[in-house]
Amino acid sequence: MELTLSIIKPDAVSRNLTGQINSLIEKNNIKIVAQKMIRLSIDDAKTFYGVHKERAFFEDLCSYMISGPIVVQVLKGKSVVSKYRDLMGATNPENAEENTIRKLYGLSVEENSVHGSDSKENSKVEIDFFFSKREIFNL
Ligand code: ADP
Ligand code: MG
């Protein structure tokens, strides 16, 4: 069993899609073992997306991520890091497979509705960034 960090991004939370996205997660046999709604500070957004700080879209991305509440989650399942990436679909919703979250709900390459950790190592760092041990059920 593996854990991964998921974020339902401001575009999706603001359009009332949290329940529909959670339903897709659960239908795919992935368990939500922690979840909370928060609003990121600009410093948190810049730290979280630090690997992208040289990219042209970095400032825009950080402004977007603090534009409204997000839902951060810890997901648990077999090979859930790659499984959730598959369920999310490609970064650009235009390139995402049918029935993926980004194909169904993404608005643009930036406002693409969800984040998921891209490796097991990063999932640990990202989960620790948002959650304390006592907030995660069944760790
Ligand atoms: P992913 O979220 O699929 O792992 P990246 O790690 O490459 O994608 O990028 C992080 C986030 O930055 C994306 O989910 C998206 O919100 C935003 N982003 C990525 N590429 C672009 C781009 N070319 N223009 C604007 N925003 C982008
Ligand atoms: Mg990424």
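This note goes through the sheet, the cores, the ligand site and some single residues of a predicted model.

1. Basis. The model is predicted, so local features need pLDDT of at least 70 and side-chain atom pairs count only at pLDDT 80 or more, while totals for chains, interfaces and linings use all residues. Residues are numbered from 1 along each chain as its sequence is written, chains are lettered from A and ligands numbered from 1 in the order in which they are written, and side-chain values use heavy atoms, with hydrogens and water left out.

2. The sheet. An open sheet is built from 4 strands in the order E2-E3-E1-E4, with antiparallel pairing. Helices (H or I, at least four residues) and strands (E, at least two) are DSSP runs numbered from the N terminus, and two strands pair if DSSP finds at least two bridges between them. Strand E2 (31-38) and strand E4 (114-116) are the edges, each pairing on one side only. On average, neighbouring strands are turned by 20° against each other, direction ignored. Axes here are lines fitted to C-alpha atoms, for helices over the stretch in contact, and angles run from 0 to 180 degrees between N-to-C directions. Strands of a sheet pair through backbone hydrogen bonds, either parallel or antiparallel.

3. Pairing of E1. Strand E1 (residues 2-8) runs antiparallel to strand E3 (residues 70-77), with 7 bridges between them. Glu2 has Gly77 as its bridge partner in E3, and Thr4 has Leu75. Between E1 and E4 there are 3 bridges, also in the antiparallel sense; Ile8 is bridged to Val114 of E4. Of the 7 residues of E1, 6 are buried, so the strand is largely enclosed by the rest of the structure. Buried means under 20% relative accessible area, exposed over 50%, and partly exposed in between (1.4 Å probe, protein chains only).

4. Thr4. This residue belongs to strand E1 and is buried, at a relative accessible area of 0%. The side chains of Thr4 and Ser117 are joined by a polar contact of 3.4 Å. A polar contact is a pair of N or O atoms within 3.5 Å; within protein, one must be able to donate a hydrogen and the other to accept it, and residues adjacent in sequence count only if both atoms are side-chain atoms. Beyond its neighbours within four places in sequence, Thr4 is in contact (heavy atoms within 4.5 Å) with residues including Gln73, Val74, Leu75, Tyr84 and Ile127.

5. Nonpolar cores. The largest nonpolar core holds 20 residues, and Leu5, Ile7, Met65, Val74, Phe130, Phe131 and Ile136 have the most contacts inside it. A nonpolar core is a set of buried Ala, Val, Leu, Ile, Met, Phe, Trp, Tyr and Cys residues joined through side-chain atoms within 4.5 Å. Two or more residues each come from E1, E2, helix H3 (42-48), helix H4 (58-65), E3 and helix H7 (120-130). H4 gives the largest share, 5 residues. A second, separate core of 17 residues includes Ile21, Ile30, Tyr84 and Ile101. In soluble globular proteins, nonpolar side chains tend to be buried together.

6. Leu87. Leu87 lies in helix H5 and is buried, with a relative accessible area of 9%. Apart from neighbours within four places in sequence, Leu87 is in contact with Leu24, Ile25, Asn28, Ile30, Thr100 and Ile101. Glu59 is 28 residues from Leu87 in sequence, and their C-alpha atoms are 27 Å apart in space.

7. Ligand 1. Residues around ligand 1, meaning those with a heavy atom within 4 Å of it, are Lys9, Tyr49, His52, Phe57, Leu61, Arg85, Thr91, Arg102, Val109, Glu110 and Asn112. Oxygen atoms of ligand 1 take part in several polar contacts: one lies 2.9 Å from a polar side-chain atom of Lys9, one is 2.5 Å from a side-chain N or O atom of Thr91, and one is 2.8 Å from a backbone N or O atom of Glu110.

8. Positive phi. Most residues other than glycine have a negative phi, and most peptide bonds are trans. Ser79 has a positive phi, near 50°; Ser79 sits in the loop between E3 and H5 and is partly exposed, at 39% relative accessibility. Asn99 also has a positive phi, of about 70°. Asn99 is in the loop between H5 and helix H6 (101-105) and is exposed, with a relative accessible area of 57%.
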